[in-house]
Amino acid sequence: VPCDRRKCDTHAALEFPANPLILHRDSAGWRRTDFLDRPMGVNSGEIAARRTFAIISHPDAGKTTLTEKLLLFGGAIQTAGAVKARGQARRAHSDWMKVEAERGISVASSVMTYEYGGCTFNLLDTPGHEDFSEDTYRTLSAVDSAVMVIDAARGIQAQTRKLFEVCRLRDMPIITFINKLDRESREPFDLLQEIEETLALDVTPASWPIGMGRDFLGCYDTIDDRLVLMKKGNAAGKIADEGGEETICQGVDDPKLDELLPPHAVEKLREEVPMAMGLCPPLDLDAYREGTLSPVFFGSAVNNFGVQELLKGLVSMAPPPRPQKAEERIVDPEEDHVTGFVFKIQANMDPKHRDRIAFFRLSSGHFKRGMKLRHIRSGKQVNLHNPMLFLARDRETAEDAYAGDIIGIPNHGNLRIGD
């Protein structure tokens with residue numbers, strides 16, 4: 001008998017990877033369907049527009065700087081702060097603790113919600129230092145994909161490798177952002193080879209750098225065949241029109257390149273881009289969402305360069321909320337019932353009050369303020385009158401939220417991590 005997918009107990013799932021296959025029985029018998037191609041539910045549009053991701057890296061690779069610039073381009077802030085701000089300069093929004101501001105490091109993971117390109121992003125900036133890695137491991141349980149930031153001069157480092165292995169256990173899709181190309185750095189081919197050999201991960205360049213250090217001119221967008229030139233002196237915390245000057249090209253042999261770039265840069269670009277595209281596998285969305293291939297973007301976060309291309313890549317490639325594995329069953333994000341789990345509890349976020357906030361990742365359904373949810377461990381009803389959306393320490397009341405969103409619940413000791 002044809003069945004309602006959400007209520008059918010013969011709707012069996014194989015261990016859900018990033019983009020799982022579902023065995024589904026209807027009048028024609030058992031058949032395989034792709035999770036992303038299943039019939040659209042009531043909240044499908046809102047849920048499909050969610051992108052929940054974390055930024056991971058070794059300390060000092062530029063995680064928090066990239067976070068600030070993503071918020072800047074996403075319109076969540078008007079001026080990006082600096083990790084090591086001096087005088088009256090604004091400090092990073094995601095590093096809100098006093099110790100973070102003093103030492104220029106991230107100690108606790110921060111949640112920031114913003115919109116860009118028709119999608120709602122839930123961005124989690126994580127600590128890179130090993131001393132605070134437990135917070136990062138918990139945070140990675142609440143995201144659907146990750147952005148791995150690599151220092152172009154140092155390549156893969158110890159903490160990057162550890163965090164990547166945690167992502168691999170969850171088959172998590174990863175986009176790589178190679179940062180700090182405005183400084184002298186290693187050759188792009190060396191970096192790609194190191195990622196492939198050290199992490200056993202296929203890579204494909206989504207952009208290709210033109211020069212490095214003082215000679216860094218910009219990047220060639222290999223996906224859309226565009227030349228993006230970096231504007232000099234663009235390290236300010238505000239957007240100067242756009243992240244770079246864009247020129248549409250018809251491949252690397254387009255005569256426009258000769259007019260815009262020095263002869264030695266054009267020659268090197270025409271030699272390296274075809275070689276890179278020939279050596280690396282083509283960009284395959286399914287392979288990326290299964291966690292076996294990583295698109296690689298190059299840029300300089302402090303100079304606002306490459307950030308907008310990364311944002312566009314997240315809009316087009318990053319997966320919407322994925323099914324979550326519970327003890328009894330797999331929870332589909334499009335189920336009508338509201339479900340979720342607590343992955344972090346943070347105390348004293350508000351300096352005026354000794355508060356405790358439980359960070360709650362919605363796994364399914366459409367949450368509305370004032371809803372009563374059942375606390376599985378205790379069996380009690382929990383009234384959610386004051387749920388919150390975050391921008392690091394700043395917060396606002398959440399009137400509603402969908403699967404993939406992260407909300408804050410005031411906690412008086414009855415909620416624990418994992419509930």
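I looked up M388 and found this residue buried, with a relative accessible area of 9% (buried means under 20%, exposed over 50%, partly exposed in between; 1.4 Å probe, protein chains only). M388 sits in strand β22 (residues 388–391); strands are DSSP runs of E, at least two residues, and helices are runs of H or I, at least four, numbered from the N terminus. I then checked contacts (heavy atoms within 4.5 Å). Leaving aside neighbours within four places in sequence, M388 touches I357, R395, E396, A398, I406, I407, G408 and P410. M388 and I407 are 19 residues apart in sequence, yet 5.3 Å apart in space, C-alpha to C-alpha.

I note that this is a predicted model, where local features need pLDDT of at least 70, side-chain atom pairs count only at pLDDT 80 or more, and totals for chains, interfaces and linings use all residues. Residues are numbered from 1 along each chain as its sequence is written, and side-chain values use heavy atoms, with hydrogens and water left out.

Next I looked at salt bridges (a side-chain nitrogen of Lys or Arg within 4 Å of a carboxyl oxygen of Asp or Glu). I found 14 in the structure. D151 pairs with K180, closest N and O atoms 3.7 Å apart. This pair links distant parts of the chain, 29 residues apart: D151 in strand β7 (residues 145–151), K180 in the loop between β8 (174–179) and α6 (188–199). D151 is buried at 5%, and K180 is buried at 15%.

I also looked up K268 and E272, a salt bridge with closest N and O atoms 4.0 Å apart. Both lie in helix α8 (residues 263–279), 4 residues apart, so about one helical turn separates them. K268 is partly exposed at 40%, whereas E272 is buried at 11%.
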